[in-house]
Amino acid sequence: MVMFRTISIRRLLHRSPPRCRGLMAANVLPGRTLCTVNRVKDEGTESSAETTPGELLRQFASMPVDRIRNFSIIAHVDHGKSTLADRILELTGAIARNAGQHQVLDSLQVERERGITVKAQTASIFHRHQGQLYLLNLIDTPGHVDFSNEVSRSLAACDGVVLLVDACHGVQAQTVANYHLAKQRNLAVVPVLNKIDIKHANPDQVCQDMKLLFGIDPAQVLRVSAKLGTGVAKVLERIIETIPPPQVQRESEFRAVIFDSWFDKYRGALNLIYVLNGKLETNQDIQSLATKKVYPVKSISVLRPAEAPVPELSAGQVGLIACNMRNSKESIVGDTIHLKNQAVAAAGSYKPQQPLVFAGVFPSDQSKHVALRSAIDKMVLNDSAVTVKVDSSPALGQGWRLGFLGLLHMEVFCQRLEQEHGAEPIITAPSVTYRLTLSNPKLIKQQGRDTLDISNAALFPEPHSIKEYFEPLVMGTIITPTEYVGQIIGLCVERRGLQQSCVNIDETRVLMKYILPLSEIILDFHDRLKSMSSGYASFTYEDHGYHPSNLVRLDIHLNGKPVEELCRIVHVSKATGVARQMVLKLKDLIPKQMVQIAIQACVGSKVLARETIKAYRKDVTAKLYGGDVTRRMKLLKQQAEGKKKMRMFANIRVPHETFINVLKR
Ligand SMILES: Nc1nc2c(ncn2[C@@H]2O[C@H](COP(=O)(O)OP(=O)(O)OP(=O)(O)O)[C@@H](O)[C@H]2O)c(=O)[nH]1
């Protein structure tokens, strides 16, 4: 039998951040009651909690360290992390069962629209195991390689992970990458096989693969269906039994690490912290180790997953603090905080990943510059993997050059800028960072060094000043069914890949490693791989340093004038192909105008491809009826001369979206 006790949540809603407000509004409405006590027995486990949420929160402060478990759910894309998190939240009573909600922790609009997790989300839940109440801090992480920074950030606050593998698709590239991330941090791993309800699932084979790749004993792998809730209680049991409690000290001075933050327009920057030592109470003064600034702690709360206020946070716990940080730049993910005027060592457990793809972001008109800057600052606060540098362009004015972990990361960031901050920025072509060694002594003196890292093709020096070009490489891991191996090798060769290894995981699947130029994979490599393997192949990559390369700058000229925003750096072997493709694309994208437009793609003074967009043409001879042919010729000649003059002075209007659309294939 299911029984509910109730509390009013009016107060909680009032104080929740925007991110959680949506979640709460969806879950529970003011004046309605919150079903937080779940007494359902699931497959022989004990009820998750038999106390009211208020009592639970009171117990929160006194929760001993050995009854705390901090863990993340990690997996490849779509293997069911958020669905498993939903079931765990339901089972522990944090959200109502069968409330018709899916992926509760995917609370951002972009996550719901795209059906993917882009932000790691935290929930503190209580679970009763063998008569004892445990506090579990769960982090649901994204699965896509472009958001792997979120995974590494989350693992800094964890002692273990649930490694989830789809029983149909088996171990995929991101499963391997995430498993190694967890192992690097010496985290306990709870292996779980999901989607066992699907008819063609092959759990035994997947267990064998996990044994081969990770050395995991098949007997230790839990089999669940996150969708139906089967076996989820066993996962909670295993988490409590195998993941160690946090290694923290409650007696020493307070020290915590900020591992996530976001901006609330009423309360400023909110920091999600993991307490390493001591405890923190409201109204104490904290100091940032990085900026040395002091802040009063205005409120402390835990995310359950909606925000719930608590009076204090002790070592081993995860909570949200608001401390009047008005400027989004004051909150730094990875920073250590401590009590005012106390000397503590930096936690130093997390370093953000280096961005790989760079793009210019400009306001649609310069009057929106300040608003866009504030929106970018707030977004960067919530996404520490993004880097920002001031940039300017003759056509687009003052803007910024932003660094991302991949193209999807860039698209999601820009979509969030629009959806969450109402900004409508113009994004220029994404590019990677090339390294150049200079040969021109004047330029070397001017730069103060003989190497340059450049991500903006428009800033490339003239070829005669460059001694050598280097381009960034990645080590790519591809896991694919054997029948697609031939096609995938073809794709990698086309993208200038060098095979490093090719091993059979089992009779049906192969794991290949390729060194690939980063510039060849950022645009559509993943899409091509997915479509040629009917969605079965998976791909992940990691940085593999720089390598000498033969590069040229491809300029696009419109009626003889170069358009800086469209120029690109390409490998010399690809220059003609890319030139052809770009002029054809631009011909489609640039609307017809009053003048004829010549689109040329050039390397130096050599034109590699050309297309022409014909001008609108008024029928100047329409009013003639009969008469001598010379009258017709005269009118046409006058028109041609007028057009010629216009071509010299006319500004060709290039729609803003062209800069990004020209790159899509
Ligand atoms: N049949 C079945 N489908 C499942 C199960 N678990 C998840 N799914 C489905 O798999 C799809 C992906 O699930 P998600 O929970 O969004 O996967 P995810 O790993 O969180 O995805 P990302 O965060 O984007 O990487 C959804 O359509 C789920 O309904 C399961 O146990 N059985």
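Two residues are taken to be in contact if their C-beta atoms, placed from the backbone, lie within 7 Å, and pLDDT is the predictor's confidence in each residue, on a scale from 0 to 100.

**Entry 1, the model and its confidence.** I am working with a predicted model, in which local features need pLDDT of at least 70 and side-chain atom pairs count only at pLDDT 80 or more, while totals for chains, interfaces and linings use all residues. I number residues from 1 along each chain as its sequence is written. I looked up the scores and found ipTM 0.97 and pTM 0.76. The mean pLDDT of the protein is 82, with 86% of its residues at 70 or more. Over residues 1-49 I noted that pLDDT stays under 50, although the model has 90 contacts beyond four places in sequence for this stretch.

I counted helices and strands as DSSP runs numbered from the N terminus (H or I of at least four residues for helices, E of at least two for strands), and the protein comes to 18 helices and 31 strands. For burial I used C-beta atoms placed from the backbone: a residue is buried if 20 or more others lie within 10 Å of its own, exposed if 12 or fewer do, and partly exposed in between. Of the 665 residues, 46% count as buried. Among contacts between residues at least 6 apart in sequence, 72% join residues at least 24 apart.

The bounds come from an automatic or database domain assignment, and they give domain 1 (4-242), domain 2 (255-339), domain 3 (357-427), domain 4 (434-549) and domain 5 (552-663). I then checked where domain 1 meets domain 3, and found ten residues of domain 1 in contact with ten residues of domain 3. On the domain 1 side, the elements that give two or more residues are helix 5 (109-114) and helix 6 (148-155), and helix 6 gives the most, with three residues. I sorted residues by class, with Ala, Val, Leu, Ile, Met, Phe, Trp, Tyr, Cys and Pro as nonpolar, Asp, Glu, Lys and Arg as charged, and the others, Gly among them, as polar. By these classes, the side of domain 1 that touches domain 3 divides into four nonpolar, four polar and two charged residues.

I found 20 residues surrounding the ligand, of which the closest are Gly80, Ile116, Thr117, Gly143 and Lys227. Helix 4 (residues 81-91) supplies the largest share of this shell, three residues. By class, the shell holds six nonpolar, nine polar and five charged residues.

I treated two strands as paired if DSSP finds at least two bridges between them. Strand 8 (residues 268-277) is mostly covered, with eight of its ten residues buried. Strand 7 (residues 255-264) runs antiparallel to strand 8 and is joined to it by nine bridges, and the two form a hairpin with three residues between them. Within this pairing, Trp262 stands opposite Leu270. Strand 8 also pairs with strand 15 (residues 318-325) in the antiparallel sense, over six bridges, where Tyr274 has Val318 as its bridge partner.

Is Gln208 buried, exposed or partly exposed? Gln208 lies in helix 8 (residues 203-214), and because it has 15 C-beta neighbours inside 10 Å, Gln208 counts as partly exposed. Leaving out residues up to four places away in sequence, Gln208 touches Pro218 and Asp506. The C-alpha atoms of Gln208 and Thr242 are separated by 22 Å, the two residues being 34 apart along the chain.

Note on methods
A residue is near a molecule or strand if its C-beta atom, placed from the backbone, lies within 6 Å of it.
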